[in-house]
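Here's a quick tour of the structure below. Have a look at it first, then read on for the main points.

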Amino acid sequence: MKIKLAQSAIEGSEINQLERVTGEELKRCYQCGKCSAGCPVSFAMDIPPTQIMRFLQLGMFDDVMKANSLWVCVGCLQCYARCPQGCSVANVLEGLRQMVLRKGEDHYGVKEISARFLEKAPQQAIVCGFRKFVS
Ligand code: SF4
Ligand code: SF4
């Protein structure tokens, strides 16, 4: 019964789209928790990596899209390196970020960042930020 619920949830169009974009098969995750345990920033996430996978398996796409986890992730790939199932939460979060950015929403008020801050911020951080903040 539970397996049927998870499978029908994954058939939702946005979650299908996420799997297509990322090449990740969400149902492969069996909730061992190794990704969350190794993630250096999971303490700051609304929904840690393991729960991101579970929420998506259950079709809770809107809840995941609202989480700060998408933007807190630093893309270190530790979750992928530790996953016994070969799942990459990093990929899933990148796919989710792309889906948010394609809607044209500015989550961080990028246009309001002062020129003074940009002058002082490390160039590498600014360039990396393009992936998160600019569609
Ligand atoms: S890629 Fe993101 S989710 Fe994965 S371990 Fe690094 S910070 Fe955490
Ligand atoms: S490490 Fe892999 S299998 Fe384990 S909870 Fe994370 S994504 Fe799922």
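Let's start with helix 2, where I15, L18, E19 and T22 are buried, that is, under 20% relative accessible area, with exposed meaning over 50% and partly exposed in between (1.4 Å probe, protein chains only). This is a predicted model, in which local features need pLDDT of at least 70 and side-chain atom pairs count only at pLDDT 80 or more, while totals for chains, interfaces and linings use all residues. Residues are numbered from 1 along each chain as its sequence is written, chains are lettered from A and ligands numbered from 1 in the order in which they are written, and side-chain values use heavy atoms, leaving out hydrogens and water.

**Helix 2 and its faces**
- Helices here are DSSP runs of H or I with at least four residues, numbered from the N terminus.
- Looking down the axis of helix 2, you'll find its buried residues within an arc of 95°, so they line one face of the helix; the arc is that of the directions from the helix axis to the C-beta atoms.
- Over on the other side of helix 2, S13 and R20 are exposed.

**The largest nonpolar core**
- A nonpolar core is a set of buried Ala, Val, Leu, Ile, Met, Phe, Trp, Tyr and Cys residues joined through side-chain atoms within 4.5 Å.
- The largest one has 29 residues, and L56, V92 and L96 touch the most other members.
- At least two residues of this core come from each of helix 2 (13-22), helix 4 (49-57), helix 5 (61-66), helix 6 (69-72) and helix 8 (89-102).
- Helix 8 is the top contributor to this core, giving 8 residues.

**Around ligand 2**
- There are 14 residues around ligand 2, counting those with a heavy atom within 4 Å of it.
- C29, C32, G33, C35 and C83 come nearest to ligand 2.
- Helix 3 (34-38) and helix 4 are the elements that give two or more residues to this shell.
- By class, the shell has 9 nonpolar, 4 polar and 1 charged residues.

**Salt bridges**
- The whole structure has 2 salt bridges, each a side-chain nitrogen of Lys or Arg within 4 Å of a carboxyl oxygen of Asp or Glu.
- One pairs K27 with E25 (3.2 Å, N to O); K27 is exposed at 51% relative accessibility, and E25 is partly exposed at 40%.
- R97 and E94 also pair up (2.7 Å, N to O), and they sit 3 residues apart in helix 8, about one helical turn.
- R97 is buried at 5% relative accessible area, and E94 is buried at 15%.

Definitions and conventions
Ala, Val, Leu, Ile, Met, Phe, Trp, Tyr, Cys and Pro count as nonpolar, Asp, Glu, Lys and Arg as charged, and the others, Gly among them, as polar.
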